[in-house]
Amino acid sequence: MPDARVQAAVDHWGPRFMQAGVEYGDFVATMARIETWNEWLDEWCVTAEMHAGLARDAEEAGRPRTAGEAWLRAAVGYHTAKFVWMLDHEKSREAADKAVDALRRAHAHLDPAAERLEAPLDGGRVVANLRRPPNGERPQLAVLIPGLDSTKEEFFNLEEFFLNRGMATLSMDGPGQGECGYDVPIRPDYEVGLSAALEAVAGHDDLDLNRIGVVGVSMGGYHAPRAATFEPRVKAVVGLSGPFCFGEIWDQLPQLTRETFTEKSRAASEEEARDKACELDLDGVIDELDKPALFVTGRLDRLIPWEQTAKQAERAPQGEFVCWEEGNHGCSNIPYKARSLMADWMAEQLA
């Protein structure tokens, strides 16, 4: 029987891992090898290494498409290995670096035009991956913002929904996230990270930078409307399963989530982390969001209660709200509904 932390990870994030690109068979086989949380990272790295090996074999055989697909599975495997796993910083960083490298290799085969961008921020850097739609002529730009311990390496499949509708995508690691999070902790004013990312694309004349939208997932569903309120270059915003005030739900969050937030916010204790969580509050902010805003969630969300996202929509002057009865956190169990809606809505707003 898996221990409580392993079971919590499966219960809260299993569908999310698979919608990000983990194969169902891999999920079942990997979980069969894991009984304790201490084993989580190592066993998921074994799965990721298997796909990395398949990628190298395909490259040697001159099969670039197969290699790219395998590198993509490896990237998601490494990312899953380190996700909310705070037991060993060095091992977690090693897995995260492998995820970054594997996605870069996947891009080389599946989207050679993908571009890595960096911008300075507080002694560190915001890092983002820019992808363009095929045959796009100065496309609009959708900026994708991850959540707590989420990273741009999770977003390849999500990007496809926007790319297929003619938009370019910019998936970013901002404060507290991925490569940026090594130097810059979580902070309530995420707009500083978004502004840095937008400066990194400012010279790209092949993009229509007068039509920029922002999409945030989970905690990114707080970051996106907050940043859109203060960043005038943003014309529309989508928040998926985001909190109105993260501190309000602190006591009901999974222990793994509280530990991860404590680490990523650089809090000295869980009590200090609670205080920092209370700073992630849209009260007095979202009322000033003067642009179209769509808020999406599921009534079965076990992490961020659907009422938190509903409150965002109620308080935003142009807020729209969609809540599916059967949807879980991030609507990961019904991505064909949530992702299609978000991409269609954003395309219409930026048209």
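Student: Hey, is serine 241 buried or exposed?
Tutor: Serine 241 counts as buried, because its relative accessibility is 0% and the cut-off for buried is under 20%. Keep in mind that this is a predicted model.

Student: Okay, and where is serine 241 found?
Tutor: Serine 241 is in the loop between strand 6 (234-240) and helix 10 (255-264).

Student: What about phi of serine 241?
Tutor: Phi is near 55 degrees there, which is a positive value in a residue other than glycine.

Student: New topic: the inside. Which residues touch the most other members of the largest nonpolar core?
Tutor: That core has 89 residues, and the ones touching the most other members are Trp40, Leu141, Val143, Leu170, Met172, Phe246 and Phe261.

Student: Which helix gives the most to this core?
Tutor: Helix 4, residues 64-82, gives the most, with eight residues. There's also another core lying apart from this one, with 23 residues, including Ala142, Phe155, Leu158 and Leu350.

Student: Now helix pairs. At what angle do helix 4 and helix 5 pack?
Tutor: Helix 4 and helix 5 (residues 89-110) pack at about 160 degrees, and their axes are 7 Å apart. That angle makes helix 4 roughly antiparallel to helix 5, since over 145 degrees counts as roughly antiparallel. Helix 4 passes helix 5 in a left-handed crossing.

Student: Which residues of helix 4 and helix 5 meet?
Tutor: Among those on the helix 4 side are Trp71, Leu72, Ala75 and Tyr78, and the helix 5 side includes Ala95, Ala99, Leu103 and His109. By class, this contact has 14 nonpolar, four polar and five charged residues.

Student: How do helix 2 and helix 3 pack?
Tutor: Helix 2 (residues 24-32) and helix 3 (residues 40-60) pack at about 140 degrees, with axes 9 Å apart. They are therefore oblique to each other, and helix 2 passes helix 3 in a right-handed crossing.

Student: Who makes that contact of helix 2 and helix 3?
Tutor: Helix 2 brings Asp26, Phe27, Thr30 and Met31, while helix 3 brings Trp40, Glu43, Trp44, Thr47, Met50 and His51. The residues divide into five nonpolar, three polar and two charged.

Student: Last one, serine 332. Where is serine 332 found?
Tutor: Serine 332 is in the loop between strand 8 (319-324) and helix 13 (335-350). Serine 332 is buried, at 8% relative accessible area.

Student: And what does serine 332 touch?
Tutor: Not counting residues up to four places away in sequence, serine 332 touches Pro15, Arg16 and Gln19.

Student: How far apart are serine 332 and glutamine 255?
Tutor: They are 77 residues apart in sequence and 21 Å apart in space, going from C-alpha to C-alpha.

Terms used: Residues numbered from 1 in each chain as written. Predicted model: local features only at pLDDT ≥ 70, side-chain atom pairs only at ≥ 80, totals over all residues. Heavy atoms only, no water. Core = buried A, V, L, I, M, F, W, Y, C linked by side-chain atoms within 4.5 Å. Buried < 20%, exposed > 50% of the residue type's maximum accessible area, 1.4 Å probe, protein only. Helix = DSSP H or I, 4+ residues; strand = E, 2+ residues; numbered from the N terminus. Axes fitted to C-alpha atoms, helices over the stretch in contact; angles between N-to-C directions. Parallel < 35°, antiparallel > 145°, perpendicular 65-115°, else oblique. Left-handed = near helix turned anticlockwise from the far one by under 90°. Contact = heavy atoms within 4.5 Å. Nonpolar A, V, L, I, M, F, W, Y, C, P; charged D, E, K, R; others polar.
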